[in-house]
Amino acid sequence: MDFAKGYLALRLAGIFSHSGLSYLFATAGLLLGQSRPIFRGFKGGSAEVLSLGILTFMSPILGIILLFFFLLLKFLFRDYEDAVFATSFLIPILALKFFKSDAYILMSFFTFGVLIVQFLPPALEKYIKPRFLTRVAFAFLLFFACALFFFNKYVYKGFGVQKDLIRHGPGHFKYVAITFDDGPDPLYTPQILDILKEKDVRATFFLIGKNAQQYPEIAKRITKEGHTIGNHTYSHKSLIPLSAAATRKEIKRGEEAIFKATGIRPTLFRPPRGVYSTYALKFLRQERYTVVLWDVSAMDWAELPPQSIVSNVLRHVRPGSIILFHDSGDIVSFKGGDRTNTVKALPLVIDELKAQGYDFVTVDEMIFLSELMRTEDNGEDSDSQNPAH
């Protein structure tokens, strides 16, 4: 019954809302309502069965794998709770393997945390009192470690094949694309444009709609000097928690603001912080956007010293890389932040990459080259299969 409750609740959440947030709330409500007692007088139970229903909804194969390992460990340990506790550690690992959706991955992490709280072995909590605090602290540390790994690896590198977006171009030629987020900024963007002009390099700027509204002359200068512009939403809101309507509003308002400022309607889109929802990807496909992330981050958002920024880029760059810099924005906000070190590091990065034989392209040029290489590769395949050609 609890298994079916978890499965059907998420099915209904999907029917009545397109937002990944509805799945997250449904998961949290179900699991917290079904948890085992942590306060006296509170009745619960079967959180593990409910969790299996939730995970099976997200992936039947994942549910079968977890059930198999639980039965195996129960046979080996001869203890139900120890088997659930040990099996729980498979959840975040398998989630990163099975799921591309942010909502599903975060739901899996939450489920993992709840089970750890419920089934933490007494041997691990004997040194800290009271018992409840031990469980919560342990679960929080594990969840934090999973979340840190998720944002570091998933946002920057991705998992598996992702056909709906690009993180880098093909490595056939020694070229890279330099990109900037969160501008235009009245102080730093003009300095960056001066450097790019001096070095004869064209880049791609992902603009915030509000900033483009406020500084249209800088946005126009970006396009006049041959750079490509992209949509970075209207106000830099993270897309995961937004409803379907709010997601559409952020994307379309950003597009309209950029169009009014520059006369160009962008076709490239970069989600804030590189994080997106399943619905956002679907809507962006409908709007004919290409979603662009990156495979090399300068980490300049942390306001590192110039040499550290240069090192971050040169250590990870490869043919076809998309390099992320920022011309505006603080760690959280899309405005503010000190980009002085970015301005200092940029010419050093360009000079060193040129010395290594790299050329520079905009992201739309990179996409064109990618399609060209794919066409040529398909042509060679056809020729090899048709000797008379």
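Q: What makes Lys-252, Glu-255, Glu-256, Arg-265 and Glu-287 a network?
A: They are linked by salt bridges. A salt bridge is a side-chain nitrogen of Lys or Arg within 4 Å of a carboxyl oxygen of Asp or Glu. This is a predicted model, in which local features need pLDDT of at least 70 and side-chain atom pairs pLDDT 80 or more, while totals for chains, interfaces and linings use all residues. Residues are numbered from 1 along each chain as its sequence is written, and side-chain values use heavy atoms, without hydrogens or water.

Q: How do you know that Lys-252 forms a salt bridge with Glu-287?
A: Their closest N and O atoms are 2.9 Å apart, and the limit is 4 Å. Lys-252 lies in helix 12 (residues 244–262) and Glu-287 in the loop between helix 13 (278–286) and strand 6 (290–292), so the pair ties together parts 35 residues apart in sequence. Helices (H or I, at least four residues) and strands (E, at least two) are DSSP runs, numbered from the N terminus.

Q: What makes Arg-265 and Glu-255 a salt bridge?
A: The closest N and O atoms are 2.8 Å apart. Arg-265 lies in the loop between helix 12 and strand 5 (268–269), and Glu-255 in helix 12, so the pair ties together parts 10 residues apart in sequence.

Q: Why is Glu-255 called buried, and Arg-265 partly exposed?
A: Buried means under 20% relative accessible area, exposed over 50%, partly exposed in between (1.4 Å probe, protein chains only). Glu-255 has 5%, so it is buried. Arg-265 has 37%, so it counts as partly exposed.

Q: Why does Thr-342 count as buried?
A: Its relative accessibility is 1%, and the cut-off is under 20%. Thr-342 lies in helix 15 (residues 340–355).

Q: How do you know that the side chains of Thr-342 and Asp-300 make a polar contact?
A: The distance is 2.9 Å. A polar contact is a pair of N or O atoms within 3.5 Å; within protein, one must be able to donate a hydrogen and the other to accept it, and residues adjacent in sequence count only if both atoms are side-chain atoms.
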